[in-house]
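Thanks for making the time this morning. I would like to walk through one structure with you, so please bring it up on your screens.

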Amino acid sequence: MIEIAPSVIAADLADLASAARIAEAGGADLLHVDVMDGHFVPNLTIGPPVVAALARHTRLPLDVHLMVTHPDRLLGAYLDAGAARVAVHFEAAVHLDRTLAAVRAAGARAGVALNPATPVELLADVLHACDFVLLMSVNPGFSGQSFLPHVLDKARRLTAMIAARRAAVTLELDGGVALGNIGEIRRAGVTTFVAGSSVYAAADPVAAIQGLRARAEEAVAS
Ligand code: DX5
Ligand code: ZN
């Protein structure tokens, strides 16, 4: 199954309801929400009240990506705000096992996000505790950056690790996803695709979502 998750930070931030409508019209599966705290990453974005407001304007599950230094302190507020999935950064979480358990205890899907320089092998003892891994294919902080191709090899290695352990974990990838690379990303084992500027900066964002899905599906059709 392919999941397309448009990232609303690439949309008009003064009109998030329209961003959600566009995602729904394009048949998106999730709405990706980038939470940046000005410490873990050099940018400051969306707080819990904004997520709660967005949740009232969409039926899409909110895929909350916490780029924050102290995920434990903020987790509860984002879960209460309506997050369906929460990814915390491996590099930021000191008690990752506990943090992931708290996400699951709230009924949400728990994810671990990895920066481009963090090896996937570090996940060996946490795969059982998470539902998905979010591989960053740009250094987090901004939309519109170029895809870092070495992350394809990380995706392949992680796909092999998940298969070897028979873990029920899906792969999400975030950063620089576009029509020209989504096929090879899919072939590396990724099934959930975050897309910011390739959707919201497109002339026709609805068609852009549909095009990404079609290209990802074609990539593995025999
Ligand atoms: C980057 C964010 C991404 C970003 C993706 O820090 O985590 O979700 O919005 O935007 P694009 O697809 O433009 O790279
Ligand atoms: Zn993100």
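Predicted model: local features only at pLDDT ≥ 70, side-chain atom pairs only at ≥ 80, totals over all residues.

Residues are numbered from 1 along each chain as its sequence is written, chains are lettered from A and ligands numbered from 1 in the order in which they are written, and side-chain values use heavy atoms, with hydrogens and water left out.

Let me begin with the fold. The protein has eight helices and eight strands, where helices (H or I, at least four residues) and strands (E, at least two) are DSSP runs numbered from the N terminus. Its radius of gyration, taken over C-alpha atoms, is 16 Å, close to the 17 Å that the globule rule gives for 222 residues, so the protein is as compact as a globular protein of that length; the rule itself is 2.2 Å times the number of residues to the power 0.38. Along the principal axes, the C-alpha atoms fill a box of roughly 45 × 45 × 30 Å. Of the 222 residues, 53% count as buried, and here buried means under 20% relative accessible area, exposed over 50%, and partly exposed in between, with a 1.4 Å probe and protein chains only.

Now the metal. Which residues coordinate the zinc ion (ligand 2)? They are His32 through NE2, Asp34 through OD, His65 through ND1 and Asp174 through OD, at 2.0 to 2.3 Å. Donors are N, O and S atoms within 2.8 Å of the metal (3.2 Å for Na, K and Ca), and since water is not among the atoms, sites may look incomplete. The six donor atoms around this zinc ion subtend angles of 69 to 169°, which makes the arrangement octahedral, a label that six donors receive if opposite donors are over 155 degrees apart and all others between 65 and 115. Histidine 65 lies in strand E3 (residues 62-67) and aspartate 174 in strand E7 (residues 170-174), so the pair ties together parts that are 109 residues apart in sequence. Both histidine 65 and aspartate 174 are buried.

Next comes the largest pocket, which holds about 240 Å³ of space. It is lined by 24 residues, and those nearest its centre are Phe142, Ser143, Gly144, Asp174 and Gly175. The lining divides into eleven nonpolar, eleven polar and two charged residues.

Finally, a few single residues. Arginine 166, in the loop between helix H5 (150-165) and E7, has phi near 50°, a positive value in a residue other than glycine, and at 78% relative accessibility arginine 166 counts as exposed. Valine 133, by contrast, lies in strand E6 (residues 132-136) and counts as buried, at 0% relative accessibility. Glycine 76 is in helix H3 (residues 71-80) and alanine 102 in helix H4 (residues 96-105). Glycine 76 counts as partly exposed at 36% relative accessibility, and alanine 102 counts as partly exposed at 33%. Although they are 26 residues apart along the chain, the C-alpha atoms of glycine 76 and alanine 102 are separated by 8.5 Å.

Conventions:
Tetrahedral: all angles 85-135°; square planar, octahedral: opposite > 155°, others 65-115°. 1 Å grid on protein atoms, 1.4 Å probe; cavity = no way out; pocket = protein on both sides within 12 Å on 5 of 7 lines; lining within 4 Å. Points joined across faces, edges and corners; volume = space filled by probe spheres on them. Nonpolar A, V, L, I, M, F, W, Y, C, P; charged D, E, K, R; others polar.
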